[in-house]
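User: I have a structure open and would like to go through it piece by piece. Can we start with the folding of the chains and then move on to how they touch?

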Amino acid sequence: MSEEKLIFEKSAPGRRATTFPALDVPAPAGEDWLPKEARRGLALGLPEVSEQDLVRHYTRLSQRNIGIDTQIYPLGSCTMKYNPKVNEDLAGRDGFRNIHPLQPDDTVQGALRVLWEMERWLSEISGMPAICLQPSAGAQGELTALLVCKAYHDSRGRRPRKVLVPDSSHGTNPASAAYCGYTVETVKSLPNGTVDLEDLKPRITEDVACLMMTNPNTVGIFEKDISLIAGWMHAVDAQLYYDGANLNAICAVARPGDMGCDMMHFNVHKTFSTPHGGGGPGAGPIGVKEHLRPFLPVPRVRRTEQGVFSLDEGEPKSIGRVRHFTGNFGILLRGLVYLKSFGGDGLPEIARRAVLNANYLLALLKGRFHATYGDRCMHEFVLSVSDQKKRKGVGALDYAKRMADYGYHAPTIYFPLIVPEALMLEPVETEAKETLDELAAVLAKIDGEDPALLHAAPVNTPVGRLDEVGAARNPVLRWKPKA
Amino acid sequence: MPFEHPYLPQTPADQSAMLAAIGVADIADLFKSIPAELRLKGRLDLPDHLTEMELKDEFQAIGGANLSTGKLDNYLGAGAYEHYSPSAVRHLLNRSEFYTSYTPYQPEMTQGVLQALFEYQSCVCALTGMEVSNASLYEGGHALAEACLMAHARTGRNRLVLSAGVHPESLQVLRTYTRNLDTEIVVAPLGADGRSDLAAVKALLDSSTAALVLANPNFFGVIEDAAPFAEAAHAVGALFIMSVEPVSLALLKSPGECGADIACGEGQSLGIPLSYGGPYLGFIAAKMELVRQMPGRICGQTKDNRGQRAFVLTLQTREQHIRREKANSNICTNQTLLALAATIYLGAVGPQGLKEVASQGAHKAHYLAGELAKIAGVKVRYSGAWFSEFTLDLGRDAGPVLKAMQAKGILAGVPLSRYYPGREREILVAVTEVKKKAKLDRYVAALREVL
């Protein structure tokens, strides 16, 4: 396939894809309203194309991209499940799409009801009594919860400095903790993938603010000692954070609140099916226990006994806002539609099918690939091709690239960092048995192929392997007109 | 009865076959690693599931309880604006190869999103006159906070001087983001004309200042003369940050021309629906020398092994998935689809169209303000030049006036008392290209009646 020109390279002066009605008010005399020193001198270097040029260009770009609608997307820890169409239809309705965030509360009762109901659903699912919907993504949820944690300790006159994270954790955990001014300490994992309690226990001191755990963890194993760990944490008034990235495995089967976790974030764009958009938008609501409620961001959604909703900015201990307005409303709305489509009767079936699919795929693959953490998992599992790397010189990256030749997106590779040559697969509940059979067959086929094919891969994609080192060494980060 | 659901494909026969392959009798056996006392005994206290038909009825009713811009004539702005978005924008965004895709970690399969991000970064640089843009941030308030953190990291200094013309919610976000850092936030007052006061700002700048932040147009709609502020910031070795409104950049001097080191802002104006506040688009752009301090994803151009031009996420050694606690930000998921929306919008309107959007908004706003100022007791608050949003002094408590206007089907403006206790008489009025003269005249007539 040939290169696709940039939209700028398709531009011709004078073309346009939109025209506007003539100005129907008297224009001010001259341009006096705009002082000379404030006027733009620089040419506005935007593309000039017809409507068909525009539509064809981005349609063609879309054809150089894959999504869940085109194939299985088994990225571990990313929960790439089907994005229901009804969610898009409803979020696109005038009553949701065309409302301004600063409209008076009495003109947006429907929107406030969506937020209020979403809080109730997330609260019941998580066992966390208080929910804040404001954070824009999981990482902002982490940061928000850690700021809440800090405010809590401050309120008790304590200044613990450390946040503990397991060595299998997502990179956002330590990054969020550092953002919040904490020192990060890494806790070791056992060979079975769970947190090493002997390494953890002596680290839990008065100087620890929080431990961030993902459960099931990033290798797909449930941390069965989580309640015990919670007890240790609470004995020194430290907080236990639940990273909700893997909530899909236990949603409506077990609750972070019941495990003793004090705070958590949800990834609405993972667990609750909202489209990932090629890298956002997401939504990262947080849930906290009662003792942390006063510190949550404002505004808070209120409901009177008469069923009237309002926004309330008045919380003296609040950490403040983490963004403008009330959050990624359009995403939260889609999430609520999804939750209601399953209901209290159907929600547990999501985790059941996700875990069934993961174990089935693991059963198909474990004979050929080294299953790092045994033959049972929750919603995802990790394979290692370090043996293949030693024997044949083909690593996780080569498998990933070769999968593309067969039309499959790769699993997550080289994560978690504790597993060499890791392939991390999360098949999610929306994939059919036949799709998993085909995926396993392709992986087995690749495993038997000449290493040269893997090293050369991909050959069937619009572009081959990229010079990533060159991209970083000589950064070209924008198009520029030829001088 | 097996639970049937359109998003779950495993038939009872599939499940039996899969369980046999796994070697367990029941799905429940797969959850045994969760201690029994942690497994929920009964069902959650949530209503039963709804079918697609039922969902449509339910959410039709909920959405119907909102009074959208089609039902109320809307003059609210303050960081979110009602613009016209061409049909092609929504159609192209609905290409599900885009919206159901993940962050492009496997570039060979995701050149579409990557090329669009490269085009987005190019558009942001073109608009702002800056040298490098990232691939998006969450929204405008977040972008301003990240810009300040960049300056803090770059200079190693702690003082952040912000003009009082910065959006009050951005200031709140910055305060939250810096709660636990050793930064000091100082706000410089505006002059009587509504512009930032250069002398007052200079008095606050010193050798501990990391950045000076100016908004243009500022929160009150007033156009700043930014260049002298850039000189003042640079004179003390601080960075100069401008928070800008992208449509206004079609006419207003770009941050690059003003001497800014970092430009940031809210990109919602570029074809993104109001959606009650989100998802929106934060943008950030800078001088090339600051690229290593830039947060979030950045897309770069390279070549593939066939010699073709191709695109890839690059400079990743700044990021959390590589550097963990040493990363320069914690950003993972950002706002790619909204960056794509803005790029398509800019392609749809082009340079001429964007100038028309900007100038029509400005002209219509000036017409409205001129007519309103003819009403006794009503005046435009600031004498400084302004763009398409203006601060109106109603000469009396705005609360009852806004309520009465709402009863006439008009959301007349954002009450300033929302952010500034004591400013009960003033409202912020935003006008864009979508307003016809007849509507503006109706606003004037309605306010006459109300007052």
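User: In chain B, what share of the contacts with a separation of 6 or more comes from residues 24 or more positions apart?

Analyst: This is a predicted model, so keep that in mind throughout. In chain B, 72% of the contacts with a separation of 6 or more are between residues 24 or more positions apart.

User: And what is that share in chain A?

Analyst: For chain A, residues 24 or more positions apart also account for 72% of the contacts with a separation of 6 or more.

User: How much of chain B is buried?

Analyst: Buried residues make up 62% of the 451 residues in chain B.

User: I'm looking at strand β3 of chain B. Which way does it run relative to strand β4 of chain B, parallel or antiparallel?

Analyst: Strand β3 (residues 159-163) and strand β4 (residues 184-188) of chain B run parallel, and five bridges join them. Within this pair, Ser163(B) stands opposite Ala188(B).

User: What does the chain pass through between those two strands?

Analyst: From β3(B) the chain goes through helix α7 (residues 168-177) of chain B and on to β4(B). This β-α-β crossover is right-handed.

User: OK, chain A now. What is in it?

Analyst: Chain A contains 15 helices and 13 strands. Of its 483 residues, 60% are buried. The domain assignment divides chain A into domain 1 (7-63), domain 2 (87-341) and domain 3 (346-469).

User: How many Å separate the centres of domain 1 and domain 3 of chain A?

Analyst: The centres of domain 1 and domain 3 of chain A are 46 Å apart, taken over C-alpha atoms.

User: Why does the radius of gyration of chain A agree with a compact globule?

Analyst: A compact globule with 483 residues would have a radius of gyration near 23 Å, and chain A has 25 Å, so the two agree. The C-alpha atoms of chain A fill a box of roughly 80 × 65 × 45 Å along the principal axes.

How values were computed: Residues are numbered from 1 along each chain as its sequence is written. Chains are lettered from A and ligands numbered from 1 in the order in which they are written. This is a predicted model: local features need pLDDT of at least 70, side-chain atom pairs count only at pLDDT 80 or more; totals for chains, interfaces and linings use all residues. Domain bounds come from an automatic or database domain assignment. A residue is buried if 20 or more other C-beta atoms lie within 10 Å of its own, exposed if 12 or fewer, and partly exposed in between; C-beta atoms are placed from the backbone. Two residues are in contact if their C-beta atoms, placed from the backbone, lie within 7 Å. Two strands pair if DSSP finds at least two bridges between them. Helices (H or I, at least four residues) and strands (E, at least two) are DSSP runs, numbered from the N terminus. A crossover is right-handed if, with the strands pointing away from the viewer, the path from the first strand over the helix to the second runs clockwise. The radius of gyration is taken over C-alpha atoms; the globule rule is 2.2 Å times the number of residues to the power 0.38.
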